[in-house]
Structure formats: C-alpha cells, structure tokens
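Me: I'm new to this one and could use a guided look. Can you walk me through how to read it, feature by feature?

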Number of protein chains: 2
Amino acid sequence: MSYARMSELYAPALKETPAEAEIASHRLLLRAGYIRKTAAGIYSILPLGWRVVQKIEQIIREEMDAVDAQEMRLPILQPKELWVESGRWDAYGPELMRLTDRHERAFCLGPTHEEIITALVASDVRSYRDLPFCLYQMNTKFRDEMRPRFGLLRAREFLMKDAYSFHANPADLSAYYERQAQAYGRICDRCGLTWRRVDADSGEIGGKVTAEFMALADAGEAEIVFCDCGYAADAEVFDGDLCPDCGRSTQRAHGIEVSQVFEIGTKYSDAMGVRYLDETGVEQPLWMGCYGIGITRMVAAVVEQRHDDDGIIWPTAIAPYGVAVLPLGDGEVAASAARIAADLSNAGHEVILDDRFDVRPGVKFAEADLYGWPLQVIVGKRGLAAGTVEVKTRATGVRAEYALSELIGHFPSSTANGV
Amino acid sequence: MSYARMSELYAPALKETPAEAEIASHRLLLRAGYIRKTAAGIYSILPLGWRVVQKIEQIIREEMDAVDAQEMRLPILQPKELWVESGRWDAYGPELMRLTDRHERAFCLGPTHEEIITALVASDVRSYRDLPFCLYQMNTKFRDEMRPRFGLLRAREFLMKDAYSFHANPADLSAYYERQAQAYGRICDRCGLTWRRVDADSGEIGGKVTAEFMALADAGEAEIVFCDCGYAADAEVFDGDLCPDCGRSTQRAHGIEVSQVFEIGTKYSDAMGVRYLDETGVEQPLWMGCYGIGITRMVAAVVEQRHDDDGIIWPTAIAPYGVAVLPLGDGEVAASAARIAADLSNAGHEVILDDRFDVRPGVKFAEADLYGWPLQVIVGKRGLAAGTVEVKTRATGVRAEYALSELIGHFPSSTANGV
C-alpha cells in the first residue's frame, strides 16, 4: 500500500461559504471539495466524496452478503410499457423523468426498479424450487424534484441501493423482511449514524408493512417522536408526550430518512401476472419485498450529524482517509513525515500526506479539520528532535504526544469502526 | 471467506439458443444467465455477469491508480447549455438521448463527459501549480444506436470507464497519453484478451493523436491489418499485404474496439474558454487527453475470444468464480464436496459448489462448461473411496486425478492471471 499526497489530490477547498448552501452538510461537502454542482439537484462527486461512497457501498455489500442477497445491475432506461402494466406511468406524476428514443418509443429513467425486476423474474422463475431469493443493485436513480435542495439530501440524480426479494408465501416474506431490516440497522451503525427505526403497519395484508430508518438531525424533513426504550414514530402518526410503550417522556427531532423497507406483497406480481407453480403444481402469486438505502443521502446525513464549525468529523469506517500526516516544514521534517506516512500505510492505515510546501501550517491545520481526517499526525522540528510527534483526534480535539518508536503500535486498527 | 451455492445462485440457464443472438458472446451470456434483455440494446446484468464486471472494474482501478488517476463520479444528466458551448449538441445527431425536465430545461444522457469535466475543472483550476491531473469514472453511458445488436457489444446503455487528463503543455500531455496507453495494454492483458494497438496520427497538433485497442475477433465490426512485429493498422487506412515496418506478410481480422485513447488538445478548453495562469502570470489554454474503455463491451469481447461449442472459457482473473466443486451424489459425497469447497475457499479461491440434488451429473457437467468455471473439481463415490478427486481444466479439457490430501497445495493461486 502507498499513501496519497495532498499536492496531487483533486479536492479543491473553497475559502468562501457557497451562497446556495442552506445546511451544514451541503456547505461542508462543497467547501471541502467533496462535491460540485453541475445543475439544480445534479452533482459531480469528486475523489474524496467518491471514496466515502465506495466505503458505504462496501459496508452495504458485506451486510447484503450476510443476508444472502446477490448483487446485480438493472438498466436505468425503463420501457414505458412495463410502467403502464403496473399502473405507475400515470400515477408517478412529474417526478418521473421521461424521454423518447430515436424511434419515438417512450422510456423513463428509473426512480426505483420494481417493474424491471418483476419482468425479469417473470421470464425465469417458474417453480417453488427457485424461491426464495433476493437481488440488489447500487445504481444511479432519478427523481425530478420540484425543488431540489440541500445538496445530496434532495437531489434529482442520486445513488441508491435497492434490493428486491421474492417468496412463496407471506410468512417467508415477513421473516426475510426482518432480516433485511436488521441488516439496515447494522449498515447505519457501521456508517456512524445515530438513527431510529420507525415502523408502520396498517394491518392490511400485502404492501402495508414498512419501516423507515431515520437519522436524527435538525436538517431533516420529517419530525419523529422517540423514546429511550426504543419506541419511535413519525410525529404525524403519534404526537403525544409520553411513550405508549413505557410511559416515559418522549423526545423529538427533524429526521432524515436514509432508508426504507417494505413488504410489498403481491402488488406487482398481480399487476404483471407473475406466477410460480407450488409443490402441488398449482399457480401461486409471488410475494415480494423491497428495501432501499439512499447512498449519497447517507453521506449527507452522516455529515449533518458529525461536524462542527471547523468542518466534517468522519467516523473512520467511511472517512476518505483515516489518518493525515501534516509536516510543519520541509527538509528533514518533510522526509520524516513521508517515512511516517509510509509506515502507517504499510501497517494497513489509509493515509494522506499533506506534502504541500507552499501552504502555511495554519492553513494545513484548518483544512485538515475541514476535510475531516479522523486522526492527524503533526510532525514538527522540535518534536522530531525529541523523538516525538503530536496526534490530534478530530472528534475530541484532544492532542497527545507519541514517541515515534511507539506510534504505529498505539494507532487503532484501520478497520475499527469510528473513533 | 465462504463459498457460493448453485442452489441459491440467480443464474437461470437457458436450454434453447435465443433466436435473436447472432454471435457467440451474445448467445452464451444469455444462455448461461449472465445477462437478460430488457429492451433493444438495454440489458440487465445478472449476478454472474456483475461479478465479471466488478473484476474488470477492479483491474481498471488498480491500473489507473498506477498512473496516478483519481476515481470520481460525473452526473449522467448533462445540461444542454454545456453541449451548445462545445458545439456537440447539434453535431452529435440522433445517437444523443435527449429529454426535458419538469421545468422544460433540456438535458442529454451522457455518452461521454468532456463538457462536464471541462466545466468542472474551469471552476476550480486556476494555476500551473494545479496541473497536471487525471480524473476518471466508471459509469453508465448512453448512445441511441440506430440498430443495437450483438448483446453487450453494441448496446444503447452500457458501462464505460472514461478518464480525462489536464496538462500545462502538449509535451506533458503526450507523455501522460503514453502512460495511459501502456496502462490500457496491461488492462487488456489482465482481462485475458488477445489485442492489437492501432495508432493513428494525422500530424496535426491537437486532437488528432489517437490509438484504438482492438480485440481480435471475427465478430468485430472493424477490419485490422497486423504483423508479428507489432505493427497494426485499420484496414481502411493500410490495406497492403506486406508490413510497412518489417516487410513480412501481414494478417487480417474483424477487430472489436474495446478502448480508445486521444490527445484531444485544446478543443474543449478553447470552446469553453478554460484557461490557467502559467509561471509568468500569463493565461494559457489547458491541454486535455481522454481515455475510454468499454467495460461491458470488454465482457463480450473476452467471451468472443474465449469460448467453444460447450460454453464460456473464462480466464481466472475475471471469472465469476475460479473453482467449481461438483459432487456426483448426495450423502457422504455431498458432505465431502462441501468440505472441499470450504477448504479451497479458506485457501483464498473463489468457489462455487453445485449443491443441487435434483440435477443429474450430466447436466452439472454441461452447465459447468456453459458457465465457464476455469477449474472444476469432480467429487465422486469411487474417487473418495480411493482418497482422490478429479480436476478438469476448462481451457484444455484435461482431467487429472489429485489425492485429496494434496489438492489445495496443487491449486494455482487465486490471483493467478488466466489458466
């Protein structure tokens, strides 16, 4: 492994706060060069932002593996005919982006993929022996928001993980739905999010069991009521002061919905006529669940929860780099810093070296906090003479001296979750 | 690590040859359940196909790291205004897919991203100190082909890696262009492709130096002339029998273009008015290179080159699984096969166990060859009694007996390229 160099990294920091950014995550992701706006609700994700996305994707991949879901890729262009069959071509409204090809055939850009996956499954699944299974993708989705805003929180083009499971009966669907929901909790935990699961169940069979995973944040667009005992509800559904489960006082927050899981039931298999043959040779409808996580939305939600006036405070698990090495000078100081960066990198840490010679120490410190590096190793002339470096923990602001000879041994494992 | 099970894998094999498939890669990728058609030129990539894509992406990532390129993500939706600026909105023709949003603003679906990246760079790069750099993405691209065909070879929605480099002067661009071209050769090698580099250089400065990387295949849409000495040219440019470099006889083949590299020069920075300040404070145009690889096209090209009448012959480096374990029976045979799969998996191999109890050995053999597993470990009752298993190498068809106790030690490393 080798380390990255600030002098080569494409992560242009902005000195000014961008005028259009109303909330912290939008402001900081722009200022620290994680994203750039291309058009309203449409963003380029720069290398640092992309590293965060890739880390979240890898966490999702591991947790989906653990619940036997298989990764694949569905097309973005979806034929109108499938959406007419499901009834959503008319129902979806202006948020569905539509176009025609050179032969005047109509398509939409997928906001979700229930139609596509149901049509796919219809052509290949015939028997109870083929069930159950769960397929998922991490792909770009489109939703033509009337008023896109808040950067990655309410974008028109965004990354989403969507999973679809198929079952022989509602009991099997319910059991798997709960496995997915548990996996979603682990994903939120591993991304460093403070979250609540808000269940909803109207009692009807098919399509009405659902849960939202809400990140607690003032910038959220939904209000939730929650209790220390684990109870949580949408404030539009439960508006009381005392927890209905344990009777204690509830708390409130403007939640960010980072994911949602559904027991869809037979809505799409009925609409699209998808059937399998059961053990007795009788045709039965397929039972379906679907499970979504906003990946780019997750990036924004974590920053909403983890920042201060100086910048972003990444949990190590999804930080673009876990450790930054900041030399305060050139010559021997720079050479020692490069050796430290190489040693930490060889020990399995993801390291970035601030090797810029034309940048003052004060700017290096400020930008290290802005970018949000979890651990910052500060290498100075005086310390080196005494055989020490200073290590700053971004989350606490605490600085501690370490003997150079002991630095590697004292560092947390790079796979540690959070700092 | 754990191994995969055929009984759970979503890879529906087709018994019939799909009527619309004219060439081997299209036919085999459909038959072996790697892809499914959603609409003309639009495919879903099923789990096995997606594993191949991910392996190719990882090879690309490693080779791009080696030439200091940084991964990021550009938007698919591109505003019309940028394409009007570059002159391509009118020039691109009906292959450009266009749409309007709910506010009647026009966009296209990116076939390439020169406009977007030039506009991005324009907002952040000001000084010679910021140069050079190279950014790349692996993203879905769109081209509304008049006659999409050949499956992943000529699709309307496809995966492409596109890189863009920016330089202070043409000499720096040329040097980096050659580094990218060398990386492209390594990528083709690692994917197991037999290929030729076809250079073209009209001699004009800016925008005319280019090379294509052609996979040799009968199903290709271009004819190339090449020689053992390394010379290669498009048959439309050089149509002679004797190599102009060494005088020997040339050979011919219908090549598949899997990638192309360009020294674009200042075309986009001129059109879009992008400048940097040089060491003396004078405004200068940015010099640009761009470098594309068709990722899904690469999948098809490899299958075109590596198949026989029975199915696909994957090189290990991009096979969905490197080793298949095929138990010929249940009970003790199945239990032993599961142990062998676990042992191989723990030794670092990517293993799939054909644990289907209701499938005859003949079908297992035929499907193992169809899917293209590079190494197939056949576990039978008689062999087990003698403490042996049979190992078939897909590429050669050779079967050899191995003592169970020596199996792991004799297997090639899972990181070995090809078999």
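Predicted model: local features only at pLDDT ≥ 70, side-chain atom pairs only at ≥ 80, totals over all residues.

Me: Which elements of chain A touch chain B?
Reply: Two residues are in contact if their C-beta atoms, placed from the backbone, lie within 7 Å. The contact draws 39 residues from chain A and 39 residues from chain B. On the chain A side, the elements giving two or more residues include α2 (47–66), α5 (114–124) and β8 (133–142). Sorted by class, that side has 23 nonpolar, five polar and 11 charged residues. Nonpolar covers Ala, Val, Leu, Ile, Met, Phe, Trp, Tyr, Cys and Pro, charged covers Asp, Glu, Lys and Arg, and the others, Gly among them, are polar.

Me: Which residues have the most contacts inside the largest nonpolar core?
Reply: In soluble globular proteins, nonpolar side chains tend to be buried together. A nonpolar core is a set of buried Ala, Val, Leu, Ile, Met, Phe, Trp, Tyr and Cys residues joined through C-beta atoms within 7 Å. The largest one has 254 residues, and those with the most contacts inside it are A:Ile56, A:Cys191, A:Val325, B:Ile56, B:Cys191 and B:Val325. Setting aside neighbours within four places in sequence, A:Ile56 is in contact with A:Cys191, A:Ile295, A:Met298, A:Val299 and A:Ile318.

Me: Which way do the residues of β17(B) point?
Reply: In a regular strand the side chains alternate between the two faces of the sheet. From β17(B), B:Trp287, B:Gly289, B:Tyr291 and B:Ile293 point one way, B:Met288, B:Cys290, B:Gly292 and B:Gly294 the other, and all are buried. Two strands pair if DSSP finds at least two bridges between them. Strand β9 (residues 157–167) of chain B pairs with β17(B) in the antiparallel sense over eight bridges, and B:Lys161 stands opposite B:Ile293. Strand β14 (residues 251–265) of chain B also pairs antiparallel with β17(B), over six bridges, with B:Ser259 as a bridge partner of B:Ile293.

Me: How do α1(A) and α8(A) cross?
Reply: Axes are lines fitted to C-alpha atoms, for helices over the stretch in contact, and angles run from 0 to 180 degrees between N-to-C directions. The axes of α1(A) and α8(A) come within 8 Å and cross at roughly 105 degrees. The two helices are therefore roughly perpendicular; the cut-offs are under 35 degrees for roughly parallel, over 145 for roughly antiparallel, 65 to 115 for roughly perpendicular, and oblique for the rest. A:Ala24, A:Ser25, A:Leu28 and A:Leu29 in α1(A) meet A:Ala300, A:Val303 and A:Glu304 in α8(A).

Definitions and conventions
Residues numbered from 1 in each chain as written. Chains lettered and ligands numbered in written order. Helix = DSSP H or I, 4+ residues; strand = E, 2+ residues; numbered from the N terminus. Buried ≥ 20, exposed ≤ 12 C-beta atoms within 10 Å, placed from the backbone.
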